[in-house]
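Open the model in your viewer and keep the sequence panel beside it. Each stop below names a selection and then says what is there.

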Amino acid sequence: GVPGPYVGNAFWLTRAELGVNRPGVRPTVFYDAGWAGDRDRFGTGRPMSGACVGLALLDGLVRFDVARGIWPERRVRVDLSLQARF
């Protein structure tokens, strides 16, 4: 098939996150922006973006996020992640 506009051999991603550091529970809000495409066109066009609220438990071992896309799609996404620290 033909690749979409956000496929290529280069990308960048950035995140701004604010959170309250409490023992055991850390609520957060954050904003993500990123770009993907052909390396020759790096940085051209509007970047993808989204905003989110989240809750981290047990020093980030368990994380629950609800994100909403801003551009190019306004979809809602829910993520539950488990992380191990070594």
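**Stop 1: the largest pocket**

The volume of the largest pocket is about 660 Å³.

Now colour the lining by residue class.

Which strands supply the lining? At least two residues each come from β1 (10–19), β2 (25–37), β3 (48–57), β4 (62–71) and β5 (76–82). The largest share belongs to β2, with six residues.

**Stop 2: the sheet**

Switch to cartoon view and select the five strands. They form an open sheet in the order β1-β2-β3-β4-β5, and the pairing is antiparallel. Look at the edges next: β1 and β5 each have a single partner strand, so one side of each has no neighbour in the sheet. Neighbouring strands in this sheet are turned against each other by 20 degrees on average, direction ignored.

Strands of a sheet pair through backbone hydrogen bonds. Show the backbone atoms for the next two stops.

**Stop 3: β3 against β4**

Select β3 and β4. Nine bridges hold this antiparallel pair. Pick Cys-52 and look across to β4: its bridge partner there is Ala-67.

Then move to the turn. The hairpin of β3 and β4 has four residues between the strands. Stop at Leu-58 in this hairpin, where phi is positive, near 55 degrees.

**Stop 4: β4 against β5**

How many bridges link β4 and β5? There are seven, again in the antiparallel sense. Val-62 has Leu-82 in β5 as its bridge partner, and Arg-63 stands opposite Ser-81 of β5. A hairpin of four residues joins β4 to β5.

**Stop 5: a buried residue and an exposed one**

Select Ala-33, which lies in strand β2. Is Ala-33 buried or exposed? Its relative accessibility is 10%, so Ala-33 counts as buried, the cut-off being under 20%. From its C-alpha, draw a distance to that of Gly-43, ten residues away along the chain: the separation is 12 Å.

Next, go to Arg-41 in the loop between β2 and β3. Arg-41 counts as exposed because its relative accessibility is 54%, and the cut-off is over 50%.

**Last stop: confidence**

Colour the model by pLDDT. The mean for the protein is 88, and 91% of the residues reach 70 or more. Where pLDDT is low, the predicted coordinates should not be read in detail.

Methods: Residues are numbered from 1 along each chain as its sequence is written. This is a predicted model: local features need pLDDT of at least 70, side-chain atom pairs count only at pLDDT 80 or more; totals for chains, interfaces and linings use all residues. Side-chain values use heavy atoms; hydrogens and water are left out. On a 1 Å grid over the protein atoms alone, a cavity is a set of points where a 1.4 Å probe fits but cannot get out, and a pocket is an open set with protein on both sides within 12 Å along at least five of seven lines; lining residues have an atom within 4 Å of a point. Grid points are joined across faces, edges and corners, and a volume is the space filled by probe spheres set on the points. Buried means under 20% relative accessible area, exposed over 50%, partly exposed in between (1.4 Å probe, protein chains only). Two strands pair if DSSP finds at least two bridges between them. Axes are lines fitted to C-alpha atoms, for helices over the stretch in contact, and angles run from 0 to 180 degrees between N-to-C directions. pLDDT is the predictor's confidence in each residue, from 0 to 100.
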